[in-house]
Amino acid sequence: MNIEYPVQQQLDAYNASDIERFMQWWADDCRYYAFPSTLLADGAAQIRARHVERFKEPGLHGELIKRIVVGNVVVDQEIVQRTFPDGRGEVDVMAIYEVEAGKIVRAWFKLGTPRMV
């Protein structure tokens, strides 16, 4: 399997707010970090809980700007449309995914400063 395939599949599911399809690409023991090392979710159940809430946001969408693959690591540059407490906006995101056996086992996210639109 192509290393970037599970990353693209989870991005497509994210954009569809489809939690079941989204979660099938994450390993049961995956870890999800704010870059560089703040653990936000430990295991698939915690990642699911975070995204069930996120997927309730109207207009949620991640636009892939650029993707780099090195070994089993995929780095995506995205612009994510969100509904923040102050209203609609967008944020630059660098997402780093480590993939093993067709599943995301670790991910790190570096967010820029949200811009209201």
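1. Aromatic pairs. This predicted model holds 10 aromatic pairs. One of them joins Tyr32 and Phe109 in a tilted arrangement, with 4.7 Å from centre to centre and 35° between the planes. The two residues come from distant parts of the chain: Tyr32 belongs to strand E1 and Phe109 to strand E6, 77 residues apart.

2. A stacked pair between the two strands. Tyr33 and Trp108 form an aromatic pair with 5.7 Å centre to centre and 10° between the planes, which is stacked. This pair, too, links distant parts of the chain, with Tyr33 in strand E1 and Trp108 in strand E6, 75 residues apart. Are its members buried or exposed? Tyr33 is buried at 12% relative accessibility. Trp108 has 19%, so Trp108 is still assigned to the buried class, given that the limit is under 20%.

3. The ring cluster. Ring pairs connect seven named residues into a cluster: Tyr14, Phe22, Trp26, Tyr32, Phe55, Tyr97 and Phe109. The tilted pair of Tyr32 and Phe109 thus has both its members in this cluster.

4. The largest pocket. Its volume is about 280 Å³. The lining comprises 18 residues, and those closest to the pocket centre are Tyr14, Tyr32, Arg54, Val93 and Phe109. Tyr14, Tyr32 and Phe109 are also members of the ring cluster.

5. Origin and make-up of the lining. Two or more lining residues come from each of helix H1 (5-15), strand E1 (26-34), helix H3 (44-54), strand E4 (73-84), strand E5 (87-100) and strand E6 (103-111). By class, 12 of the lining residues are nonpolar, two are polar and four are charged.

6. Met94. This residue sits in strand E5. With a relative accessibility of 32%, Met94 counts as partly exposed, because the value falls between the 20% limit for buried and the 50% limit for exposed. Leaving aside residues up to four places away in sequence, Met94 touches Val75, Asp76, Trp108, Phe109 and Lys110. Leu40 lies 54 residues from Met94 along the chain, and their C-alpha atoms are separated by 16 Å.

Terms used:
Residues numbered from 1 in each chain as written. Predicted model: local features only at pLDDT ≥ 70, side-chain atom pairs only at ≥ 80, totals over all residues. Heavy atoms only, no water. 1 Å grid on protein atoms, 1.4 Å probe; cavity = no way out; pocket = protein on both sides within 12 Å on 5 of 7 lines; lining within 4 Å. Points joined across faces, edges and corners; volume = space filled by probe spheres on them. Helix = DSSP H or I, 4+ residues; strand = E, 2+ residues; numbered from the N terminus. Nonpolar A, V, L, I, M, F, W, Y, C, P; charged D, E, K, R; others polar. Phe/Tyr/Trp six-rings, centres within 6.5 Å; stacked < 30°, edge-to-face > 60°. Buried < 20%, exposed > 50% of the residue type's maximum accessible area, 1.4 Å probe, protein only. Contact = heavy atoms within 4.5 Å.
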